[in-house]
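Have a look at it, and then read on.

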Amino acid sequence: MIELVDIHKSFKKQKVLDGLNLKIEEGMTTIIIGRSGGGKSVLLKHIIGLLKPDSGSVVIEGDDISRMNDRDLNEVRKKFGMLFQEAALFDSMNVFENVAFPLREHTRMKEREIRERVLSRLKDVGLSGVEEKMPSELSGGMKKRVGLARALAMEPRIVLFDEPTTGLDPVMTEAIDRLIFETQRNFNLTCVVISHDIKSIFSVGHRVAMLYDGKIIEYGTPEELRRSDNPVVKQFLEGSLEGPISIM
Amino acid sequence: MNKAAALLDQFGRSVFNVLEEMGSMILLFLSTLAWAVRPPFKIRLTIKQMEFVGVKSIFVVVLTGLFTGMVTTLQGYYGFRMFSAETLVGSTVALAMARELGPVLTALMVTARAGSAMAAELGTMRVTEQIDALYVMAANPVKHLIVPRVIAGVTMLPLLTVVSVFMGMVGSYFVGVIILDINKGMFIENINKFVDLYDLYNGLIKAAFFGLILSFVGCFKGFKTTGGAEGVGKATTEAVVISAITILISDYFLTALMF
């Protein structure tokens with residue numbers, strides 16, 4: 001389980017997270033919604049230790065990673081996979097090498113086993129025959145699939161998704177959503193997804209958390225959120241201009 | 001009064017920024033040293049960088065060395081002719097190439113070619129989250145990205161300098177002996193008499209040091225890039241400017257130290 005306790009984080013004078021508390025339940029997909037630039041990616045980066053909180057703690061399966069040294073942190077990170085916003089594939093390597101990278105780095109698998117694992121992961125995300133392609137030859141949707149295959153290569157228990165459907169057409173958005181849903185179910189993963197996409201929330205989320213003003217202001221099932229009386233949540237889900245969320 | 005306070009505030013901020021940058025540079029350097037000696041070694045990546053910094057720079061280094069040797073011979077000839085000492089041109093050019101021109105010009109050319117590319121590549125990796133991806137996969141970016149480049153810089157620069165000095169002498173011989181008709185025997189005899197292998201070692205030590213500067217500064221600037229495409233451009237420019245200036249300034253102090 002992942003637990004964030006009273007997280008505060010500022011960049012220079014700007015407060016981004018302000019006493020944030022969140023429990024992420026095991027074996028479920030939790031979607032974090034909130035305004036653009038509202039600190040969702042910052043929150044995600046705290047979960048995997050890319051950023052450290054100014055105060056508060058991030059507890060991953062009983063270990064507080066906010067005060068860990070790099071060596072211990074790396075051990076914790078091996079439980080994770082992460083799909084970045086633009087997939088973050090290494091553009092000096094082809095698709096095969098990208099997906100094989102964590103395996104070569106952390107396992108003593110033989111070349112044949114690596115090949116099997118990579119091809120099977122690529123098949124899981126609906127790609128085959130692209131192993132030799134370079135990332136620059138792939139479309140946005142394909143890059144994200146390769147990114148997901150790489151995130152799943154080490155058979156992680158927790159997978160983080162940073163806006164997986166941003167910049168994709170509606171059909172590809174649906175395809176990636178379904179992929180997240182199926183991956184979560186097939187591998188019994190704990191998933192944390194950052195999203196703006198209201199449709200995604202209801203199609204893949206077991207739990208939804210709304211981040212506003214540096215805090216989680218609402219948490220529950222998608223249905224509970226839909227019925228929420230909180231004016232901020234209502235305005236956000238409706239995409240309305242009227243309400244407490246100001247437009248700058 | 002307010003204006004004075006604002007000025008002081010601005011001054012204080014710039015001092016802080018400079019100190020912060022120097023601090024983070026030193027920390028990254030120490031981390032690079034630590035990862036350079038800790039196995040497993042990234043031999044494939046290092047060889048790839050050696051090819052990029054070394055093999056692919058040979059052409060520019062050959063041209064630079066050749067023409068520098070040629071032009072210094074031409075210039076030197078007119079000076080030495082005034083007191084009929086033309087045969088000393090070869091040894092003078094050899095000394096200048098081995099101790100100064102070889103390492104410095106090679107380092108400046110490699111800075112422009114490879115140092116800038118390092119900053120741009122790492123900068124792009126930073127803004128497209130590829131460096132974060134390395135962290136997330138529990139793979140240390142210093143070990144994967146910086147150590148191979150710095151090792152390539154430190155080892156390839158002396159080798160390129162040898163190429164540069166050799167080509168400089170080829171150019172010098174061509175202009176001195178073949179075009180300006182300096183006595184061939186005397187030309188070579190004076191080089192043997194006045195130029196020591198120590199002079200070349202001197203230049204090679206400098207070259208290794210310059211290699212460290214240009215590769216580390218390139219990596220540092222790339223690694224710390226922020227702010228998208230504009231940030232990458234800025235990092236690249238700064239890497240080249242800072243490397244070039246540091247190379248020229250440290251050249252003086254290294255010469256003073258090793259004379």
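Q: What classes of residue make up the lining of the second largest cavity?
A: This is a predicted model. In it, the lining of the second largest cavity has five nonpolar, three polar and one charged residues. The lining residues are A:Ile31, A:Pro164, A:Thr165, A:Asp177, A:Ile180, A:Val193, A:Ser195, A:Ser200 and A:Val204. Asp counts as charged, and A:Asp177 is on that list.

Q: Which helices of chain A each supply at least two residues of that lining?
A: They are helix H6 (170–187) and helix H7 (198–204) of chain A.

Q: How much space lies in the largest cavity, and which residues are closest to its centre?
A: About 130 Å³ of space lies there. Of the 15 residues that line the largest cavity, A:Phe80, A:Gly81, A:Pro102, B:Val136 and B:Met137 are the closest to its centre.

Q: How do you know which elements supply the lining of the largest cavity?
A: Strand S6 (80–83), helix H3 (95–106) and helix H5 (140–152) of chain A, together with helix H5 (130–136) of chain B, each supply at least two residues. S6(A) gives the most, with three residues. By class, the lining of the largest cavity has 10 nonpolar, two polar and three charged residues.

Q: Why are H1(B) and H8(B) called roughly perpendicular?
A: The axes of helix H1 (residues 2–36) and helix H8 (residues 197–223) of chain B come within 11 Å and cross at roughly 115°. Angles of 65 to 115 degrees count as roughly perpendicular, so H1(B) and H8(B) are described that way. H1(B) passes H8(B) in a right-handed crossing.

Q: Which residues make the contact between H1(B) and H8(B)?
A: From H1(B) come B:Glu21, B:Ser24, B:Met25, B:Leu28, B:Phe29 and B:Thr32. From H8(B) come B:Leu212, B:Phe216, B:Val217, B:Phe220, B:Lys221 and B:Phe223. The residues of this contact divide into eight nonpolar, two polar and two charged.

Key:
Residues numbered from 1 in each chain as written. Chains lettered and ligands numbered in written order. Predicted model: local features only at pLDDT ≥ 70, side-chain atom pairs only at ≥ 80, totals over all residues. Heavy atoms only, no water. 1 Å grid on protein atoms, 1.4 Å probe; cavity = no way out; pocket = protein on both sides within 12 Å on 5 of 7 lines; lining within 4 Å. Points joined across faces, edges and corners; volume = space filled by probe spheres on them. Helix = DSSP H or I, 4+ residues; strand = E, 2+ residues; numbered from the N terminus. Axes fitted to C-alpha atoms, helices over the stretch in contact; angles between N-to-C directions. Parallel < 35°, antiparallel > 145°, perpendicular 65-115°, else oblique. Left-handed = near helix turned anticlockwise from the far one by under 90°. Contact = heavy atoms within 4.5 Å.
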